[in-house]
Amino acid sequence: MAGSVYRDPAGDHLLTPENAALFVIDYQPSQIAAVNSIDRDLMLANIVSTVRTAKAFGLPIVHSTINVATGRGQPTVPELAELLADYPPIDRTTTNAWEDAEFVAAVRATGRRKLIACALWTEICMAFPALDAMREGYDVYPVVDAIGGTSEEAHRAGLERVVQAGGHPVGWVALAVELQRDWAREETVADVIEIVLTDRLLKES
């Protein structure tokens, strides 16, 4: 059997563990409660699986919340906060995370040019920083089934706005497989099988 064709993991046009970073924005109780474009429990399961995947592949993660310090918002929901314990949240007052200097500095510090985008809501806290990041030359990949909008129409409009600006939508399962891509990369095979198949797809079928 022929071996795999070598591709530069940092320069690959597809997502790799060496060229991508994940941002996770505003998975807080009030934001989740207002999601109406996807079943909220399913969305939460999907963002948990997305973060588990990112951690399995060692991706840099930038975690942010809004208005916790002001007392207007509550922290990241516990099931996600536990996974993100090593990534202290950058708390903001701006709805557009790209207008927060600490957030932008944290993204730039990852050194990655491909940003996997997870934020609530799709039409605001995902779309605004995605649009700004793309203007600065980043590639942005919204995880479409791990985010949600205040309505189906708002979610769709937010995604379309980002796609029209050059964004690349992806689902959480495809993301995991794109990062793995070759089952000969055995160091992450067990994690991917557990996250995608054992804990989710086979259990839910």
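In which helix does Leu202 lie? Leu202 belongs to helix α8, which spans residues 189-204. The legends below describe close-up views of a predicted model.

View 1. A nonpolar patch on the surface is formed by Trp183, Ile193, Leu197, Leu201 and Leu202. Together these residues have about 470 Å² of accessible area. Leu202 has a relative accessible area of 57% and is exposed, because the cut-off for that class is over 50%.

**View 2. Largest pocket.** The largest pocket holds about 330 Å³ of space. Its lining has 16 residues, and those closest to the pocket centre are Arg7, Pro9, Arg181, Asp182 and Arg185. By class, the lining of the largest pocket consists of 7 charged, 6 nonpolar and 3 polar residues.

**View 3. Backbone at Arg181.** Arg181 sits in the loop between α7 (172-180) and α8. The phi angle of Arg181 is near 60°, a positive value in a residue other than glycine. Arg181 is partly exposed, at 30% relative accessibility.

**View 4. Salt bridge between Arg52 and Asp199.** What distance separates the closest N and O atoms of Arg52 and Asp199? They are 2.9 Å apart, and the two residues form a salt bridge. Arg52 is in helix α2 (residues 40-56) and Asp199 in helix α8, so placed that the pair links distant parts of the chain, 147 residues apart. Arg52 is partly exposed at 24% relative accessibility, and Asp199 is likewise partly exposed at 24%. A search of the whole structure gives 8 salt bridges.

**View 5. Salt bridge between Glu136 and Arg108.** The side chains of Glu136 and Arg108 meet in a salt bridge, with an N to O distance of 2.9 Å. Glu136 is in the loop between α5 and β5, and Arg108 is in helix α4 (residues 101-109), so the pair ties together parts 28 residues apart in sequence. Glu136 has a relative accessible area of 35% and is partly exposed; Arg108 is also partly exposed, with 48%.

View 6. Glu204 and Arg200 form a side-chain salt bridge at 2.5 Å, N to O. Both lie in helix α8, and because they are 4 residues apart, about one helical turn separates them. Glu204 is partly exposed, with a relative accessible area of 47%, whereas Arg200 is buried, with 7%.

View 7. The peptide bond from Leu120 to Trp121 is cis, and its omega is near 0°. Trp121 is located in the loop between β4 (114-119) and α5 (122-135).

View 8. Is Asp26 buried or exposed? Asp26 has 0% relative accessibility and counts as buried. The residue is in the loop between β1 (20-25) and α1 (29-33). The phi angle of Asp26 is near 65°, which is positive although the residue is not glycine.

**View 9. Val140 in strand β5.** Val140 is part of strand β5, residues 139-142. With 0% relative accessibility, Val140 is buried, because the cut-off for that class is under 20%. The C-alpha atoms of Val140 and Gly166 are 7.9 Å apart in space, while the two residues are 26 apart in sequence.

Definitions and conventions: Residues numbered from 1 in each chain as written. Predicted model: local features only at pLDDT ≥ 70, side-chain atom pairs only at ≥ 80, totals over all residues. Heavy atoms only, no water. 1 Å grid on protein atoms, 1.4 Å probe; cavity = no way out; pocket = protein on both sides within 12 Å on 5 of 7 lines; lining within 4 Å. Points joined across faces, edges and corners; volume = space filled by probe spheres on them. Nonpolar A, V, L, I, M, F, W, Y, C, P; charged D, E, K, R; others polar. Patch = residues over 30% accessible without salt bridge, like charges linked within 9 Å, V, L, I, M, F, W, Y side chains within 5 Å. Areas by Shrake-Rupley, 256 points an atom, 1.4 Å probe, with all protein chains shown as cover. Salt bridge = Lys/Arg side-chain N within 4 Å of Asp/Glu carboxyl O. Helix = DSSP H or I, 4+ residues; strand = E, 2+ residues; numbered from the N terminus. Buried < 20%, exposed > 50% of the residue type's maximum accessible area, 1.4 Å probe, protein only.
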